Amino acid sequence: MKIDILTLFPEMFDALNHSILKRAQNNDLLEIKTHNIRDFSLDNNKRCDDYSYGGGAGMIMTPQPLFDTIKSVKNEQSYVIYFSPKGNVLTQRKVEELAKNKKNLVLICGHYEGIDERIISLCVDEEISIGDYVLTGGEIPAMVLVDAVARYIPNVLGNENATNMESFSQNLLEYPQYTRPSEFQNEKVPQVLLDGNHKEVDKWRMEKMIEITKKRRPDLFRKWKKKQSSQKVK
Ligand SMILES: C[S@@+](CC[C@H](N)C(=O)[O-])C[C@H]1O[C@@H](n2cnc3c(N)ncnc32)[C@H](O)[C@@H]1O
């Protein structure tokens with residue numbers, strides 16, 4: 001998959017050149033390219049923001065530099081996303097859908113008070129929010145999306161089943177995990193995980209997933225239950 005990131009602050013994306021994402025890029029599983037919107041500004045001073053028509057606090061990103069940056073990267077396979085607190089809230093299902101169905105994501109990072117609305121109507125396929133809070137820019141949301149999507153690209157994670165049992169994958173949160181030593185600060189690993197009976201381990205893990213989800217995320221638990229009942233009817 002190719003991901004083009006349109007930003008006024010490309011240096012922020014150095015954070016994507018580490019660990020699993022770095023390996024994915026080195027192995028040509030993922031191509032991430034940042035594009036500096038300022039390079040496309042036709043303004044003498046390379047300005048990319050201006051006052052809001054109608055007044056109000058804060059600056060708005062002007063349409064020309066953004067439009068030209070999008071034009072320079074977009075092709076028929078591109079899916080253009082603008083990060084915005086007004087967008088659809090990002091979910092694991094959405095992440096999976098993007099990873100499986102899109103070959104090229106074009107990510108627009110807003111700044112200041114956001115971007116001129118005409119860029120959204122002319123160029124954007126979807127607005128995505130990473131949660132009900134306001135950040136200073138779309139750079140961190142873009143990193144969140146890239147990281148989450150990359151995990152679904154085949155061979156990026158060592159174990160292809162790694163995403164199957166994770167939190168959210170079946171509307172259940174993950175079970176507790178332990179590693180060595182079997183006792184730490186007087187806290188013991190549950191015996192069932194040490195006994196080597198895989199059937200019992202699976203049963204324990206499923207019980208824990210249900211218990212934790214019911215307690216912490218009753219909304220997800222209801223979805224899981226509904227799906228279970230509809231599968232039983234079939
Ligand atoms: C300060 S915010 C603008 C907020 C905007 N005036 C509003 O009230 O909806 C600047 C930029 O940060 C990004 N941003 C902020 N919060 C976000 C969120 N929760 N999800 C996705 N992007 C966000 C967007 O790209 C936005 O254009």
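Start by selecting arginine 47, which at 38% relative accessibility counts as partly exposed (partly exposed lies between buried, under 20% relative accessible area, and exposed, over 50%, with a 1.4 Å probe and protein chains only). This is a predicted model, in which local features need pLDDT of at least 70 and side-chain atom pairs count only at pLDDT 80 or more, while totals for chains, interfaces and linings use all residues. Residues are numbered from 1 along each chain as its sequence is written, and side-chain values use heavy atoms, with hydrogens and water left out.

Aspartate 49 itself counts as buried, at 15% relative accessibility.

Now select glutamate 126 and lysine 94, which form a salt bridge whose closest N and O atoms are 2.9 Å apart. Because glutamate 126 lies in strand β7 (residues 126-129) and lysine 94 in helix α3 (residues 92-101), the pair ties together parts that are 32 residues apart in sequence; helices (H or I, at least four residues) and strands (E, at least two) are DSSP runs, numbered from the N terminus. Glutamate 126 is buried at 8% relative accessible area, and lysine 94 is buried at 15%.

Then move to aspartate 219 and arginine 217, where the side chains meet in a salt bridge at 3.0 Å, N to O.

How values were computed. A salt bridge is a side-chain nitrogen of Lys or Arg within 4 Å of a carboxyl oxygen of Asp or Glu.
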